[in-house]
Amino acid sequence: MIIHAFGRKYDWIIEPRYWRNPIIGVITLLALPLLMYFFATGVFGIRPVALLSALIFANILAMIGTPLVLQIIGTGRVSFGPHFFVAVGGYTAALLSKNYGFSPALTLPASFFMGALIGLGLSPITIISRGIYFVLITLLLPFILWELTYWRSDVFGAETGIPGVPLLIFTGDVVLDIMIYYYVSIAMVLILLFFTDRVMRSRYGFMMGVINEDEEVALSYGIDVAKIKVITFTLTSGAIAVAGWFLAHYQGSFTGPVWLQPSFLILILLTTTLGGKGAVYGVIASAYFIATLREVTRTQFGEMSVVVLFIILLILLYILPEGFWGLYRKRRYREYVPSIRIRRA
Amino acid sequence: MLEVSNLTKRFGGVIAVNEVSFEVEKGEIIGLIGPNGAGKSTLVNLISGFYLPDSGKIRFLGEDITKKKMHERAKMGIARTFQNPRLISNMTAIMNVMYAVLGSERGSKLSLVEAYGEAAYYLDIFDMLKKRDVLVADLPIYELRLLELARALALKPKILLIDEAMAGLNPAEAERVSKLINRIREEFDLTIIWIEHVLKIIMRSVERILVMHYGKLIADDTPEKVVRMPEVVEAYIGEEVV
C-alpha cells in the first residue's frame with residue numbers, strides 16, 4: 001500500500017505474511033517472563049527474581065544493540081564506545097533527578113538530547129577517521145569519562161555513583177516491580193525495534209546500506225554520505241543514551257564505572273555480532289541468549305563464570321559467522337520488495 | 001557541456017594529470033586512450049569528483065564544479081562506472097540499480113515500489129531483467145559490466161564516464177557492450193567519455209579521441225587522424241594502435 005501524506009509517498013507492506021513472524025516474536029517476548037517465572041523456577045539453581053533480572057538485562061543489551069546496529073550500517077563503522085553513551089544518558093538522568101528534581105518523564109528526553117548532542121559533536125569522526133583510528137577514538141571516550149568520574153567524584157560519585165535517583169516503578173512487591181520493569185523495558189525495545197525497522201526499510205535505510213558497503217559507490221549514486229553519517233551517529237547516540245536513562249531509574253542510582261567497564265562493552269559487541277551483521281531482529285535473540293547464558297554461568301561456575309561465558313560466546317562466534325540471524329535467514333529469508341512484472345512501452 | 005581547463009593532479013612527486021584542457025559538446029561520444037599509467041582514470045576521477053584537482057578548473061553546464069563534492073556532481077548528472085566493477089555484492093542485481101534510482105535527483109519523489117519498477121526498466125535495457133534476483137556475487141564479469149552501466153544509467157545522467165567497460169570480456173562480449181553503449185547514447189541523448197584499452201572497438205565507436213601520455217593530453221582529434229599522429233605512435237611503441 002502506498003500512503004500519500006504531506007506531499008510524499010510512504011510504502012507500507014500490509015500483507016499478513018509480512019506480519020506473521022513479528023507477531024509471533026512479540027507474543028513470545030511478552031509471554032517469556034511469565035512462562036519462565038511459573039515453569040522455569042529453580043532451573044540451573046536460578047531464582048525467579050534473578051531470572052527476571054537477567055531478562056531485563058537482556059532488554060538493556062537489546063536497547064543498546066538495536067540502535068548500535070543502525071549506527072554500524074549508517075556510518076560503515078563499528079563504534080567501541082556505545083557504553084560511553086549509556087553512561088552519558090545515565091548520568092544525565094541521575095544528575096537532573098538528584099540536583100534539580102526532574103521526574104523520569106523529564107529526564108528521558110533530557111538523556112536522549114544529551115546523548116544526541118554529544119553524538120552530534122563527535123559525529124565528524126565518522127567522516128574523517130576509519131579503521132583502527134575510529135576504533136581508538138571511540139574506545140578512548142569511555143576511558144576519559146571513567147577518569148572524569150574519579151577526578152570529579154564530587155559530581156559523578158566515582159564508584160559509589162549517584163544514589164537517590166527516583167525509581168520508575170515502586171509498588172513494594174519485589175516480584176511485581178521486577179515484572180513491571182521487564183514489561184517497561186521490553187516496550188522500549190519494541191519501540192526502538194519498530195523505528196529501526198522502519199528506518200532500515202525506508203529510502204534512508206537503503207542509502208545507509210550502500211554507505212555500509214562502499215562509501216565511494218554511495219557518493220557516485222549522489223548520496224550525501226557525510227550528512228547521512230552525521231544524522232545516523234547523532235540519533236543513534238541519543239537512542240543508546242536512553243538505555244542509560246532506564247538503568248538509572250531502574251536501579252535508583254547510576255554508577256558510571258560499572259557500565260564503563262570493558263567487559264560490558266564486550267557483551268554489547270557480542271550481542272550485535274552474534275545477532276548477525278546488520279540484523280536488528282538477531283540482536284534481540286542474541287541479547288536474550290547472552291543474558292540467560294550469563295546468569296546460568298554465574299550460578300554454575302562462580303568466579304570462573306566470566307571466563308566460561310566468553311569461551312562459549314567465542315565458540316559460537318566461530319561456528320556461527322553470520323550469527324543467529326544467519327541461521328534464520330538461511331531457512332526463512334524473503335526479499336522485502338516483492339517481484340513485479342515490468343512491461344516496457 | 002563540459003570544459004576542463006589546465007587540470008593538474010599530483011600524487012607526491014608524480015604528476016598524474018598535467019595541465020589537461022579540453023571541451024566536450026552535448027551528445028558527443030569521446031574515447032580516452034593512452035598507455036598504462038597515462039592518467040586516464042585519474043582524469044575521470046577528477047571529473048567525477050572522486051579526487052579534487054591541485055589546480056585548474058572544471059565547468060559543467062556553465063557552472064564551475066571544481067570544488068563540488070562527488071555526490072553533488074552525481075546529482076548534477078555526472079555518472080560513472082569503475083574500472084573494476086564496484087557493486088554491492090551481497091545484494092541482488094535489481095537492488096543495486098534500485099539504490100541508484102533512489103539516490104538520483106528524482107529518487108526522493110518515488111516510492112520504493114516505483115523505484116523497484118524503474119530499476120527493472122533499466123535492467124531490461126541491458127537484457128538483465130531475468131537476472132534481477134541473482135546476487136551480484138554470483139554474476140559473471142560480463143553481466144557485472146552491464147549491471148554497472150544499468151546502475152549508472154539509472155541516475156539519469158547527462159554525461160556518462162565509462163572506465164574500461166571491456167576489461168575482462170571476450171571479443172564477442174566486448175562487441176555487444178560497445179553496441180549497447182552506442183544504443184543508450186542515442187536513446188537517452190547521452191554525452192559519453194569512454195576510457196578504453198580495446199582500441200579496435202573504441203576507434204569504431206567514437207567520433208573523437210583524446211590521447212594521454214604521462215599525464216599530458218597529446219592528441220585530440222578524430223580516430224582516423226589520431227592513429228597517424230607520430231606522438232601517438234611513439235606513445236604506443238611496440239603496440240599496434242589499430
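Visitor: Is the crossing of α4(A) and α11(A) left-handed or right-handed?
Guide: The model is predicted. In it, α4(A) spans residues 104–122 and α11(A) spans residues 225–251, and their axes come within 7 Å. The crossing of these two helices is right-handed.

Visitor: Which orientation class do α4(A) and α11(A) fall into?
Guide: Their axes cross at roughly 140°. Angles over 145 would count as roughly antiparallel, and 65 to 115 as roughly perpendicular. α4(A) and α11(A) are therefore classed as oblique.

Visitor: How many charged residues are in the contact of α4(A) with α11(A)?
Guide: Residues of α4(A) including L108(A), F112(A), G115(A) and G119(A) meet residues of α11(A), among them L235(A), G238(A), A241(A) and W245(A). By class, this contact has 14 nonpolar and nine polar residues, and the number of charged residues is none.

Visitor: At what angle do α2(A) and α13(A) pack?
Guide: α2(A) covers residues 48–75 and α13(A) covers residues 262–275. Their crossing is right-handed. The axes lie 9 Å apart, and the packing angle is about 65°.

Visitor: Which residues of α13(A) meet α2(A)?
Guide: The contact of the two helices divides into seven nonpolar, four polar and no charged residues. On the α2(A) side are L61(A), I64(A), G65(A), L68(A), V69(A) and I72(A). On the α13(A) side are L267(A), I268(A), T271(A), T272(A) and G275(A).

Visitor: Which element gives the largest share of the side of chain A that touches chain B?
Guide: 23 residues of chain A are in contact with 26 residues of chain B. On the chain A side, β2 (8–11), α9 (203–213) and α10 (215–220) each give two or more residues. The largest share, five residues, comes from α9(A).

Visitor: How many charged residues are on the side of chain A that touches chain B?
Guide: That side consists of 23 residues. Of these, 12 are nonpolar and two are polar, while the charged residues number nine.

Visitor: How far apart are the C-alpha centres of the two domains of chain B?
Guide: The domain assignment gives domain 1 as 1–77 + 158–242 and domain 2 as 84–156. In contact are 11 residues of domain 1 of chain B and 10 of domain 2. The distance between the C-alpha centres of these domains is 24 Å.

Visitor: Which element gives the most to the side of domain 1 of chain B that touches domain 2?
Guide: Two elements of chain B give two or more residues to that side, α2 (70–76) and α6 (171–188). The side divides into eight nonpolar, one polar and two charged residues. With five residues, the element giving the most is α6(B).

How values were computed
Residues numbered from 1 in each chain as written. Chains lettered and ligands numbered in written order. Predicted model: local features only at pLDDT ≥ 70, side-chain atom pairs only at ≥ 80, totals over all residues. Contact = placed C-beta atoms within 7 Å. Helix = DSSP H or I, 4+ residues; strand = E, 2+ residues; numbered from the N terminus. Nonpolar A, V, L, I, M, F, W, Y, C, P; charged D, E, K, R; others polar. Axes fitted to C-alpha atoms, helices over the stretch in contact; angles between N-to-C directions. Parallel < 35°, antiparallel > 145°, perpendicular 65-115°, else oblique. Left-handed = near helix turned anticlockwise from the far one by under 90°. Domains from an automatic or database assignment.
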